[in-house]
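Let's take a friendly walk through a protein structure together. Keep the picture beside you as you read.

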Amino acid sequence: MEFTFAQDLFYNTLDASIPECPFPERVNSLTTLAGKYQGTSLTVVASLTNTYITEKVQKGDPAPDRNNLSPALSISWKPFKATNLRIRASYKMGYRAPTFNDLYYLRVGNTNLRPERADQYNLGLTWNGTFGKEGAGWLSATLDGYYNSVEDKIVARPTLFIWKMMNIGKVQIAGADLSVTSRVRFGSDHSLTLSTNASYQYAVDISDPESKTWRHQIPYTPRISGAANLAWSNPWVNLSYIISFVGDKYSLPLNVERNLIKGYAEHTVSAYRDFNLRRVSFRLQGKIINFTNKMYDIIQYYPMPGRNFRLTLKIKI
Amino acid sequence: MKRTLLRLAIMAGALLIMSSSSCLDPNNGKEPEIPLTTIGTYVLNSGNFGSNDANLIAYNPYTKELNYNIFERSNEGRKLGDTAQDIIAFGSKIYIAVYNSGVIFVTDLDGKVIKEIKTKAKGSSANLSPRFFTTWEDCVYVTFYEGYAGKIDTTSLTVSALAKVGDNPEQIKIASEKLYVANSGGMNYPNYGKTLSVLNPVTMDVMGEVKVADNPVYLESDSRGNLYVISMGNYNDVPSCLQIVNPNNDSVQKLELEGITPTFIAKGPGNALYLVSSSYDANWNLIAEYYIFDTSKKEIYGKLIKDGTRVENPFSLSADTLLTLIYIGTSDYTTNGQMYVIDAFGNMYHAFDTGGLNPITACPVTTGGPKDK
């Protein structure tokens with residue numbers, strides 16, 4: 001068993017030349033007590049963090065004092081001696097106090113803000129091992145499932161007159177991440193590496209059942225996304241092929257056709273070779289990015305480049 | 001869609017057919033007497049700034065039918081653009097100001113584009129950002145947020161004259177044959193504008209200025225030729241207020257309206273003006289109330305909504321004076337707006353999803369009357 005104790009004290013001020021600046025001062029204390037148990041097959045880390053914030057202003061009202069205790073716990077367990085399998089589980093309570101900008105920014109700030117809070121749960125598996133003759137193959141895989149719920153999110157919202165920081169709504173996020181990496185060596189100096197990952201994220205607005213966005217996916221958060229990279233390294237020219245995939249997403253909270261940003265897959269091929277001339281090492285790399293010339297947007301109505309070529313020479317002296 | 005508006009046109013009966021037959025003129029060149037009739041209403045959704053999602057819907061106030069995305073459907077999928085600001089129907093054409101796209105679309109009554117007007121100030125290559133329209137005689141007038149007022153020639157569909165006014169002009173209106181522009185200075189916080197520019201609507205020469213309260217934005221004229229001005233204040237310790245300008249001597253009278261913070265104004269029939277009062281409580285919850293103002297007594301006549309309908313988050317106010325329908329657009333700025341249509345008796349006539357963000361204007365389209373072109 002190990003224990004750690006940490007105490008941090010912050011003092012912040014904000015000065016501005018604008019007439020309404022309230023010149024806030026903040027004293028922020030963070031106290032953390034953490035304990036760790038490490039056994040042969042079990043590791044447990046637990047912590048408690050206390051946040052205390054008090055503020056003073058020269059004009060108007062300061063934000064109220066805040067005092068919050070947030071716990072966190074994580075467990076990692078290796079159930080079998082013979083296999084490299086680990087089971088992980090964690091819980092964390094997230095706490096974000098409003099910043100000076102949130103509270104006091106010219107006209108937009110709102111001293112009535114409550115802190116943002118989140119509960120984060122995670123459950124995961126990790127496995128890695130070798131296979132084949134003389135361990136020629138290696139594989140590592142992780143699978144994680146998580147659930148987060150965020151309350152009192154601090155967001156800037158327009159009002160009839162001006163923008164204002166507000167505590168709006170609740171968001172529920174349930175997701176899963178899978179990643180697999182495998183390498184196979186063959187011949188004397190050849191290897192093939194395949195790394196893949198895939199994510200699923202159900203992140204929806206659960207603020208108000210009467211709202212038009214009830215259980216709609218939050219903006220710019222695709223339900224599914226993933227990537228795969230296959231690399232062949234060899235004595236001549238190393239080659240790789242990368243696919244990244246992003247599913248449909250929405251640009252605004254309302255999940256309607258008008259706000260839909262279509263999903264896309266981008267394909268890239270790359271080749272490189274290292275060589276030395278005297279004592280200087282070089283890497284020459286050529287890439288064809290988006291070689292299928294797929295038209296897509298990351299931000300709605302801001303089209304991304306189509307097929308493009310990149311030639312890079314790196315010199316290391 | 002075309003068909004819908006045509007159907008709407010049929011509601012106006014044979015009148016339309018008579019007025020549009022130019023070659024076989026049974027009236028020997030004289031304009032036939034056709035009463036002014038509403039044939040439909042366009043609702044303009046401003047959209048979210050920077051999201052290129054402005055759109056237009058057609059509403060039939062007789063059948064309560066709705067046709068979404070009219071602009072796209074009438075123009076082979078073309079989008080209206082970013083942050084539509086105002087729409088006005090004049091003669092057989094519709095004018096749409098798309099602020100952040102810097103374009104005025106002139107369309108036919110079905111929303112099909114006839115002309116795109118892009119306006120540049122002298123010595124600048126950027127398109128000016130159109131804000132609000134008004135009409136008078138044969139012309140359409142427009143403000144540009146960069147500090148200009150323009151006159152649109154409705155035959156050539158060009159901005160035939162451009163006058164420099166104050167900073168960030170908002171609404172523009174004719175009262176007693178003088179053209180007034182509200183110089184909000186909205187981008188100059190904390191030094192908001194305090195003037196209206198007065199222009200000669202024929203020559204577009206600036207004749208002078210009228211001093212009003214901070215941040216003038218909304219203008220409306222009444223049947224006696226007076227001009228009503230809402231100054232929005234500084235959204236902090238200076239509240240909004242309603243003022244009357246007498247165009248004969250440009251004197252300003254500030255009205256004391258107990259418990260009312262005016263935010264929108266629209267002209268009703270006769271002596272009626274409609275007013276929205278909105279204010280925020282300490283937690284930034286919007287408190288809104290709706291009134292009828294009597295321009296003959298210069299006082300509040302009564303509440304606009306009498307059947308107990310709760311209309312929250314007002315975003316715009318428009319009126320159809322012929323049908324005596326009041327359109328209150330509401331918005332939460334993130335989801336599709338809601339349009340509440342209130343009838344002459346203060347009862348809710350209809351409420352509908354506007355199919356877009358931030359419904360900024362409901363624009364009745366009329367036919368007949370002395371000004372039909």
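**Rings and a pocket**

A:Tyr147 has a relative accessible area of 32%, which makes this residue partly exposed. Keep in mind that you are looking at a predicted model. A:Tyr121 is partly exposed as well, at 41% relative accessibility.

How do we describe two aromatic rings that pair up? We give the distance of the centres and the angle of the planes. Over all chains, the count comes to 17 aromatic pairs. One of them joins A:Tyr121 and A:Tyr147: the centres are 6.3 Å apart, and with 40 degrees between the planes the pair is tilted. A:Tyr121 sits in strand 6 of chain A and A:Tyr147 in strand 7 of chain A, so their pair ties together parts 26 residues apart in sequence. With A:Tyr91, these two tyrosines form one aromatic cluster.

Now move to chain B. B:Tyr192 and B:Tyr235 make an edge-to-face pair, 6.1 Å centre to centre with 85 degrees between the planes. Each lies in a loop, and because the loops are separate, the pair ties together parts that are 43 residues apart in sequence. Is B:Tyr192 buried or exposed? Its relative accessible area is 5%, so B:Tyr192 is buried, whereas B:Tyr235 is partly exposed at 21%.

B:Tyr235 also leads us to the second largest pocket, being among the lining residues closest to its centre, as are A:Arg107 and A:Lys164. This pocket has a volume of about 900 Å³, and its lining divides into 18 nonpolar, eleven polar and six charged residues. Strand 21 of chain B gives the largest share of the lining, three residues.

Notes:
Residues are numbered from 1 along each chain as its sequence is written. Chains are lettered from A and ligands numbered from 1 in the order in which they are written. This is a predicted model: local features need pLDDT of at least 70, side-chain atom pairs count only at pLDDT 80 or more; totals for chains, interfaces and linings use all residues. Side-chain values use heavy atoms; hydrogens and water are left out. On a 1 Å grid over the protein atoms alone, a cavity is a set of points where a 1.4 Å probe fits but cannot get out, and a pocket is an open set with protein on both sides within 12 Å along at least five of seven lines; lining residues have an atom within 4 Å of a point. Grid points are joined across faces, edges and corners, and a volume is the space filled by probe spheres set on the points. Helices (H or I, at least four residues) and strands (E, at least two) are DSSP runs, numbered from the N terminus. Ala, Val, Leu, Ile, Met, Phe, Trp, Tyr, Cys and Pro count as nonpolar, Asp, Glu, Lys and Arg as charged, and the others, Gly among them, as polar. Rings of Phe, Tyr and Trp (its six-membered ring) pair if their centres lie within 6.5 Å; planes under 30 degrees apart count as stacked, over 60 as edge-to-face and the rest as tilted. Buried means under 20% relative accessible area, exposed over 50%, partly exposed in between (1.4 Å probe, protein chains only).
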